Amino acid sequence: QVQLVESGGGLVQAGGSLRLSCAASGRISRGNAMGWYHQAPGKQRELVARITSGGSTNYAESVKGRFTISRDNAKNTVYLQMNSLKPEDTAVYYCMSQGVISALTYWGQGTQVTVSS
């Protein structure tokens, strides 16, 4: 069974930093792109950052210059380094493994990030 388990969320003050981790297990292709999404109350889930197996990245405009996504294929883990956090970053952050088809795309359960003013 495929599992993605996020960790590293918490409560921080504006301007602070957090590093989220997502540990993958099970039959997930090493060629899958990995991503971080977030979902704030009353809003749709949206892309924060994405990284391919080859290391290419893309980011939401709102986090460019502040967040960095990376992956360690040997550890089957993807990270999101979040710096200069803002209250509007407050959301549940979800890890995603992008398969070639939707049936091979997997999501973690999410980790809460709360940024206080």
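Leaving aside neighbours within four places in sequence, with which residues is Ser21 in contact?

The model is a predicted one, in which local features need pLDDT of at least 70 and side-chain atom pairs count only at pLDDT 80 or more, while totals for chains, interfaces and linings use all residues. Residues are numbered from 1 along each chain as its sequence is written, and side-chain values use heavy atoms, with hydrogens and water left out.

Ser21 lies in strand S3; strands (E, at least two residues) are DSSP runs numbered from the N terminus. Apart from neighbours within four places in sequence, Ser21 contacts Val5, Glu6, Ser7, Trp36, Thr77, Val78 and Tyr79, where contact means heavy atoms within 4.5 Å. The relative accessible area of Ser21 is 16%, so this residue is classed as buried. The classes are buried under 20% relative accessible area, exposed over 50% and partly exposed in between, with a 1.4 Å probe and protein chains only.

**View B. The open sheet S1-S3-S8-S7.**
Four strands form an open sheet in the order S1-S3-S8-S7, with antiparallel pairing; two strands pair if DSSP finds at least two bridges between them. Strand S1 and strand S7 (67–72) stand at the edges with a single partner strand each, so one side of each lacks a neighbour in the sheet. From one strand to the next, the twist averages 15°, with axes taken as lines fitted to C-alpha atoms and angles running from 0 to 180 degrees between N-to-C directions. Strand S1 (residues 3–7) is joined to strand S3 (residues 18–25) by five bridges, and the two run antiparallel. Within this pairing, Leu4 has Ala24 of S3 as its bridge partner. Six bridges join S3 to strand S8 (residues 77–82), again in an antiparallel arrangement. Here Cys22 has Val78 of S8 as its bridge partner. In a regular strand the side chains alternate between the two faces of the sheet.

**View C. The disulfide of Cys22 and Cys95.**
The structure holds one disulfide, defined as a pair of cysteine sulfur atoms within 2.5 Å. This disulfide is formed by Cys22 and Cys95, whose sulfur atoms are 2.1 Å apart. The link of Cys22 and Cys95 is left-handed, with -85° about the S-S bond. Because Cys22 lies in strand S3 and Cys95 in strand S9 (residues 91–98), the pair ties together parts that are 73 residues apart in sequence. Both Cys22 and Cys95 are buried.

One aromatic pair is found in a search of the whole structure. Rings of Phe, Tyr and Trp (its six-membered ring) pair if their centres lie within 6.5 Å, and planes under 30 degrees apart count as stacked, over 60 as edge-to-face and the rest as tilted. The ring centres of Tyr37 and Trp107 are 4.9 Å apart and the planes stand at 65°, so the pair is edge-to-face. Tyr37 belongs to strand S4 (residues 33–39) and Trp107 to strand S10 (residues 106–107), so parts that are 70 residues apart in sequence are tied together by the pair. Tyr37 is buried, at a relative accessible area of 17%, whereas Trp107 is partly exposed, at 36%. The charged end of Arg45 sits over the ring of Trp107, 4.8 Å from its centre. Arg45 also lies over the face of Tyr94, at 3.7 Å from the ring centre. A charge sits over a ring if NZ of Lys or CZ of Arg is within 6 Å of the ring centre and within 35 degrees of the ring normal.

**View E. Gln39 and its contacts.**
Gln39 is placed in strand S4 and is partly exposed, with a relative accessible area of 27%. Not counting residues up to four places away in sequence, Gln39 touches Gln44, Arg45, Ala91, Val92 and Tyr94. Gln39 and Val63 are 24 residues apart in sequence, and their C-alpha atoms are 14 Å apart in space.

**View F. Gln109 in the loop between S10 and S11.**
Gln109 is located in the loop between S10 and strand S11 (111–116). At 71% relative accessibility, Gln109 counts as exposed. Leaving aside neighbours within four places in sequence, Gln109 is in contact with Leu4, Glu6 and Tyr94. Gln109 and Cys95, 14 residues apart in sequence, are 7.9 Å apart in space from C-alpha to C-alpha.
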